[in-house]
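Visitor: I would like to learn how to read helices and charged pairs in a model of this kind. Could you take me through it step by step?

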Amino acid sequence: MSDIKITEQQVDEIILDLIKKHLEDVNVEEEKFLDLLKHSLSLNTMEKKRVVDAVPTLSQFQFDELTKVFTEEREKFRELAKEHPEDIKKLLKKQQSEWIMLWDLYMAELENKAKEDEAKRKEEEIKKSLGL
């Protein structure tokens, strides 16, 4: 993986661009959805990535339901924060570091795809040179 340091805002921009790849006939408040997803305390990094990866195929109903669930989750955690502020602070700190890890996952995917593409290109060159 890369040693490049990235800010939380840069991750936001990258994920927002991916969220904007939703179906044309689906109406999504992209920035609100990003905020809800980013600050979800119940989803881990891989689960958030799965949501982002699914964006191009999600229906209006699915977006609406996810938005509703994330909003309800936020309200429940606000209530819990009144009783357990230290626990919620720990979860928030974990969420922030996991958000940065999401970028690492996408970078690793891109690097792997580039390696696969290079291997395929070399394979094609070898076949071509052998007249296959």
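Predicted model: local features only at pLDDT ≥ 70, side-chain atom pairs only at ≥ 80, totals over all residues.

Visitor: Which residues of α1 are buried, and what do they pack against?

Guide: An α-helix has 3.6 residues a turn, so residues three or four places apart point the same way. In α1 the buried residues are V11, D12, I15, L16 and I19; seen down the axis of α1, they fall within an arc of 135°, so they line one face of the helix. These buried residues pack against α2, α3 and α5.

Visitor: How many salt bridges are there, and which parts does the pair D35 and R74 link?

Guide: Side chains of opposite charge can pair when their charged atoms come close. The count here comes to 14 salt bridges. In one of them, the closest N and O atoms of D35 and R74 are 2.9 Å apart, and this pair links distant parts of the chain, with D35 in helix α2 and R74 in helix α4, 39 residues apart. Another salt bridge joins E109 and K49 at 2.3 Å, N to O; E109 lies in helix α5 and K49 in helix α3, so the pair ties together parts that are 60 residues apart in sequence. E109 is partly exposed at 42% relative accessibility, whereas K49, at 5%, counts as buried.

Visitor: Is S40 buried or exposed, and what does its side chain join in a polar contact?

Guide: S40, in the loop between α2 and α3, is buried, with a relative accessible area of 1%. Its side chain is joined to that of E73 by a polar contact of 2.9 Å.

Note on methods. Residues numbered from 1 in each chain as written. Heavy atoms only, no water. Helix = DSSP H or I, 4+ residues; strand = E, 2+ residues; numbered from the N terminus. Buried < 20%, exposed > 50% of the residue type's maximum accessible area, 1.4 Å probe, protein only. Polar contact = N/O pair within 3.5 Å; in protein donor to acceptor, adjacent residues only side chain to side chain. Arc of directions from axis to C-beta. Contact = heavy atoms within 4.5 Å. Salt bridge = Lys/Arg side-chain N within 4 Å of Asp/Glu carboxyl O.
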